[in-house]
Structures are given as C-alpha cells and as structure tokens.
Amino acid sequence: MGHVFLLSALAGLMGANAVPHFVKGVTGEEFPNVWGNDPLRNAVAGTFGLALAGAFGYGAGLPAHPLTGAVGLLTGALVMAVFHGLGGAYRLNSALGRPNPPRASHAETG
C-alpha cells in the first residue's frame, strides 16, 4: 500500500505543479520555469506535467485503494501549493542563476 501513497503523492505533486505552468503558458504570460520563462515553454512543461501526473495516478492503482490514493494526492498537491505559495519557483530560478519574470500579483497589490 506504500506504493499507492507514493505514486499518488507524486501525481498530486506533478499535477499541482503543472497547473500554474499550463495556465500561464496558454494565457501567454511568463512564469518562472527552469527550462525558460516564456509562455510556450510553460505551456509545454504544464502539458507534460499533467501527463506525468496522469501516469503516476494510473500506476498507483487509485480505484483499488481510493482512500490511500486520495490522501496521497492531497499530500502531494499540498506540498506543491506551499512551494508555489511561498514563491518557490522564483527562488529556484534565482538559485539556478536564471532570470525571473515580474511577479504580477505583487506588483498589483503593491
């Protein structure tokens, strides 16, 4: 049952990470990404992230262990939500010596 939790957590982690990259990419906005901040790279990274999340979820066998799978999914998603909520993508770009796009939400709120 440990593999169900681990693969489900990876699915939640990858899925939650893919969403901001995909959304920013398809709306034509920059977002920090280790492969480049431009919208096209984010759209591609988001698409692959969603595919990986689906593959991990499939590999976890979620229908056979729904409770363990749900806890794993939520755990992974929460970890990534905290990462992005604390500006982790911007910090990662900075740590890798890559440029960061402006943070629109902070610029608008002052």
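Student: Why is Asp38 called partly exposed?

Tutor: In this predicted model, Asp38 has a relative accessible area of 27%. Buried means under 20% and exposed means over 50%, so Asp38 counts as partly exposed.

Student: What makes the pair of Arg41 and Asp38 a salt bridge?

Tutor: Their side chains meet at 3.2 Å, N to O. The cut-off is 4 Å, so the pair qualifies as a salt bridge. As for Arg41, its relative accessible area is 46%, so Arg41 is partly exposed.

Student: How many salt bridges are there in the whole structure?

Tutor: A search finds two. Besides Arg41 with Asp38, the side chains of Lys24 and Glu29 meet at 2.7 Å, N to O. That value is also judged against the limit of 4 Å. In general, side chains of opposite charge can pair when their charged atoms come close.

Student: Why are Lys24 and Glu29 called partly exposed?

Tutor: Lys24 has 23% relative accessibility and Glu29 has 36%. The class runs between the 20% and 50% cut-offs, so Lys24 is partly exposed, and so is Glu29.

Student: Now Asn93, please. Why is Asn93 called buried?

Tutor: Its relative accessible area is 1%, and buried means under 20%, so the label holds for Asn93. Asn93 sits in helix H4, residues 88–95.

Student: What does Asn93 touch, leaving out residues up to four places away in sequence?

Tutor: Its contacts are Pro32, Asn33, Val34, Asn37, Arg98, Pro99 and Asn100. With Pro99, the side chain of Asn93 reaches the backbone oxygen at 3.1 Å.

Student: Which residues of H2 are buried, and what makes them lie on the same side?

Tutor: The buried residues of H2 are Asn42, Ala43, Gly46, Gly49, Ala53, Gly57 and Ala60. They cover an arc of only 125° around the axis, which puts them on the same side of H2. On the other side, Leu40, Phe48 and Tyr58 are exposed.

Student: What covers the buried residues of H2?

Tutor: The cover includes H1. In turn, the buried residues of H1 pack against H2 and H3.

Terms used
Residues are numbered from 1 along each chain as its sequence is written. This is a predicted model: local features need pLDDT of at least 70, side-chain atom pairs count only at pLDDT 80 or more; totals for chains, interfaces and linings use all residues. Side-chain values use heavy atoms; hydrogens and water are left out. Contact means heavy atoms within 4.5 Å. Helices (H or I, at least four residues) and strands (E, at least two) are DSSP runs, numbered from the N terminus. Buried means under 20% relative accessible area, exposed over 50%, partly exposed in between (1.4 Å probe, protein chains only). A polar contact is a pair of N or O atoms within 3.5 Å; within protein, one must be able to donate a hydrogen and the other to accept it, and residues adjacent in sequence count only if both atoms are side-chain atoms. The arc is that of the directions from the helix axis to the C-beta atoms.
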